[in-house]
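Subject: Structure handover

Hi,

Here is the structure I promised to pass on. Please open it first, then read my notes beside it.

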Amino acid sequence: VAAVYGATAFVVLQLADIVFPSMGLPEWAIPLIVALTMAGFPLALVLAWAFETTPDGVRKTDPAASGELESIASQPRGARWPSGLLALLGTALLLGGGWWVMGGSGGSDTADAARSSVVSADADGRSSIAVLPFDNLSADPENAFFASGVHEDILTYLSRVRELRVISRTSVEQYADRQVNLRDVANELGVTYVVEGSVRRSGDRVRVTAQLIDANTDEHLWAENYDRQLADVFAIQTAVAQEIVGALQAELTPEEERLISEQPTESIEAYELYLRARVSMGTGGLSLGADEEAERLLEQAVALDPRFARGHALLAQARSSIYWFAADRSPERLAAVKQAIDQAFAIDPDLPEARLALATYYYRGFYDYDRALEQLETARRQLPSNADVLYFMGLTLRRLGRWDESVAAFHEATLLDPANVTTAGELINTALDAGDLESGWEASERLLARYPDNAVLAAQTALLYLHGEGDIEGARRSLDAVEPIDEWSYAFAAMETAFFERDFEAALAVISDYGNNFDVVAPGFSHMLSGEALLLAGDAVGAERRLERARAMLEEEVGKPYAATYVWPHLPLAMTYAYLGETELALESCRRAQTILPESKDKVHGVNASYYCAFTRARVGETQVALAEIERLLHTPAGVTRHQLALDPRWDFLRDDPRFQALATSD
């Protein structure tokens with residue numbers, strides 16, 4: 001009886017643990033079942049001892065008449081074990097079931113509290129959460145962007161709460177329109193809690209459903225449906241965020257309460273344009289067309305609602321991207337960026353998105369990294385789970401030469417946005433430039449284990465092999481393990497690996513296939529690279545033809561007003577002049593480049609300029625000056641490694657120089 005009772009009770013307790021939360025029963029329901037089950041156990045044993053089943057029915061046991069007690073007592077001790085073991089088994093099952101349901105299985109963080117009332121937290125004290133993309137249940141597929149916008153804004157509100165660690169949109173988007181196992185998702189993203197939801201829009205009404213789940217136990221901590229007028233969508237987003245914060249027992253500061261409760265615009269039409277622009281910017285990469293489309297949509301949005309502060313801030317970001325990545329680096333463009341930022345601050349002086357936009361304005365417009373970092377630190381306090389802020393902090397800190405802090409910022413950004421390969425690539429790249437190969441390899445192995453087919457990660461790993469280890473075969477293996485993509489880091493790594501392999505035909509093919517990536521740096525850069533490859537391959541005539549094309553395009557670029565403050569057209573032009581034997585023009589281009597962006601101002605591109613100019617000086621015969629500079633750059637982050645000197649065929653013209661040989665083999 002003990003064994004049967006214990007086994008049955010164990011099953012009942014497990015079913016109660018699974019079913020009761022989904023039925024919405026009060027928290028005391030499960031503890032009551034546990035208490036009743038345990039209280040019934042001794043009663044069952046007493047009844048089993050006092051009564052027996054006979055052919056005439058259940059009757060009170062008569063030990064004297066049956067002689068059973070004497071029979072049992074007279075048995076050898078070993079013969080009594082099966083009954084004893086069964087009784088112990090029943091007791092263990094009952095106690096184990098109660099322990100499991102009351103929290104012993106690991107569903108809570110403290111042993112003395114009920115599982116349903118305990119909130120797990122990360123080591124830093126913040127509860128970790130992923131908000132999965134909301135399903136679009138609208139009849140019109142065009143409303144998918146609206147569902148995406150509702151999802152992202154709820155995620156944005158939660159990311160403003162310092163007691164929460166919220167995974168970024170980039171990383172949760174991979175689960176859109178997929179049936180997923182929540183425990184697997186939680187493990188992949190490193191979180192405890194997951195939010196699922198859906199959006200149905202019909203005419204002027206919207207229905208939003210959301211639920212918060214503990215992924216470790218599959219326990220539903222909170223769920224709600226909202227069916228309201230479309231104009232109330234912002235109130236719905238706020239309500240969802242507040243309910244989740246409450247369920248996770250996170251405390252809000254007054255500033256966090258304000259940021260979560262704010263209504264961004266009075267115009268649903270302006271909001272829809274804003275959502276479309278955000279989608280365009282999120283998928284465009286370095287595409288000028290995507291940023292220009294976003295700019296157009298956002299200009300319409302702020303025209304509909306001039307007091308749409310977040311619209312102005314995002315407009316500034318779109319204009320800033322056009323300035324940074326495209327040919328329009330005019331003063332007028334930069335002024336338009338600042339105008340949008342000023343508008344955002346005039347409406348909301350504490351808007352964190354405006355802080356981020358102002359930081360990128362200082363960074364991209366003036367190389368003013370100190371002021372950029374000041375704004376980013378303020379934005380970080382307001383947006384503690386915003387991976388974009390951490391990403392820009394990583395970029396800014398390394399420009400200031402604060403390499404360890406930069407690596408740490410990128411590392412934290414990858415924890416908040418683990419599927420963002422751009423951030424992951426920058427982490428590996430920064431660790432390599434900092435000479436922190438251990439961190440570089442740790443990040444590479446961790447991220448490639450999760451995304452083995454990602455070409456950006458493979459490319460950065462190839463550069464670790466080449467520049468960090470001098471392992472050409474490792475670089476080739478890394479690149480061959482993925483499908484090629486039309487992207488800058490992959491194009492550069494593939495070209496660099498081909499050069500180091502001295503396969504100049506392959507290098508030319510890479511430059512031909514992905515030349516647009518190089519020309520984003522400076523129009524004509526791809527022709528200069530092709531000229532290098534042809535020259536090293538022994539085709540002097542073909543090399544001169546390509547170099548002359550590069551010269552024409554780059555001279556046109558440096559003649560434009562923006563080039564007075566932009567270093568990159570000057571550096572490939574200096575090398576082009578050097579290859580063509582134009583010594584004075586080459587040296588003058590280097591002087592201009594290093595005046596525009598000296599190392600004292602920029603510890604990344606300023607150092608890059610020093611390296612390119614050292615190479616240029618060596619090519620035109622200033623060998624000792626160049627080698628002295630190379631010796632310094634060997635000990636400068638983002639400078640040069642001895643593996644580059646030893647393996648890069650571009651340095652073959654100095655292979656016989658003893659001083660160069662010593663540098664190429666130095667530790």
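Start at Asp350. Setting aside neighbours within four places in sequence, Asp350 is in contact with Glu255, Arg258 and Gln382. Asp350 sits in the loop between H14 and helix H15 (352–366). Is Asp350 buried, partly exposed or exposed? Its relative accessibility is 37%, so Asp350 counts as partly exposed. Now look at Leu259. Asp350 and Leu259 are 91 residues apart in sequence, yet their C-alpha atoms are 9.4 Å apart in space.

Keep in mind that this is a predicted model.

**The whole protein**

The protein has 32 helices and 8 strands. It has 667 residues, and 52% of them are buried. Take the contacts between residues at least 6 apart in sequence: 62% of these join residues at least 24 apart.

**The core**

In soluble globular proteins, nonpolar side chains tend to be buried together. Here, the largest nonpolar core has 187 residues. Which residues have the most contacts inside it? They are Phe146 and Leu158. Helix H21 (residues 455–469) gives this core its largest share, 9 residues.

Zoom in on Phe146. Not counting residues up to four places away in sequence, Phe146 touches Val199, Arg201, Val206, Leu230, Val233, Tyr271 and Leu275.

**Two helix pairs**

Two packed helices are described by the angle between their axes and the distance between the axes. I looked at two pairs this way.

Which residues does Gln317 contact, leaving aside neighbours within four places in sequence? They are Met281, Leu356, Ala357, Thr360 and Arg364.

The second pair is helix H19 (residues 421–434) and helix H20 (residues 437–450). The axes of H19 and H20 come within 7 Å and cross at roughly 155°. That makes H19 roughly antiparallel to H20. From H19, the contact is made by Ala424, Leu427, Ile428, Ala431 and Leu432. From H20, it is made by Leu437, Ser439, Gly440, Ala443, Ser444, Arg446 and Leu447. The crossing of H19 and H20 is left-handed.

An α-helix has 3.6 residues a turn, so residues three or four places apart point the same way.

**Helix H29**

Next, find helix H29 (residues 605–619). H29 has 15 residues. From its first C-alpha to its last, H29 reaches 21 Å, close to the 21 Å expected at 1.5 Å a residue.

Why is H29 described as largely enclosed by the rest of the structure? Because 12 of its 15 residues are buried. Among the buried residues of H29 are His605, Gly606, Val607, Tyr611, Cys613, Phe615 and Arg617. What covers the buried residues of H29? The cover includes helix H17 (387–399), helix H27 (570–579), helix H28 (583–596), helix H30 (623–633) and helix H31 (642–647).

Just after H29 comes Gly621, which takes a positive phi of about 105°.

Tyr367 is not a glycine, yet it has a positive phi of about 55°. Tyr367 lies in the loop between H15 and helix H16 (369–382). Tyr367 is buried, with a relative accessible area of 7%.

Ala638 also has a positive phi in a residue other than glycine, near 70°. Where is Ala638? Ala638 is in the loop between H30 and H31. Ala638 is buried, with a relative accessible area of 7%.

That is the handover. Over to you.

Best wishes

Methods. Residues are numbered from 1 along each chain as its sequence is written. This is a predicted model: local features need pLDDT of at least 70, side-chain atom pairs count only at pLDDT 80 or more; totals for chains, interfaces and linings use all residues. Side-chain values use heavy atoms; hydrogens and water are left out. A nonpolar core is a set of buried Ala, Val, Leu, Ile, Met, Phe, Trp, Tyr and Cys residues joined through side-chain atoms within 4.5 Å. Buried means under 20% relative accessible area, exposed over 50%, partly exposed in between (1.4 Å probe, protein chains only). Helices (H or I, at least four residues) and strands (E, at least two) are DSSP runs, numbered from the N terminus. Contact means heavy atoms within 4.5 Å. The expected span of a helix is 1.5 Å times one less than its number of residues. Axes are lines fitted to C-alpha atoms, for helices over the stretch in contact, and angles run from 0 to 180 degrees between N-to-C directions. Angles under 35 degrees count as roughly parallel, over 145 as roughly antiparallel, 65 to 115 as roughly perpendicular and the rest as oblique. A crossing is left-handed if the near helix is turned anticlockwise from the far one by less than a right angle, and right-handed if clockwise.
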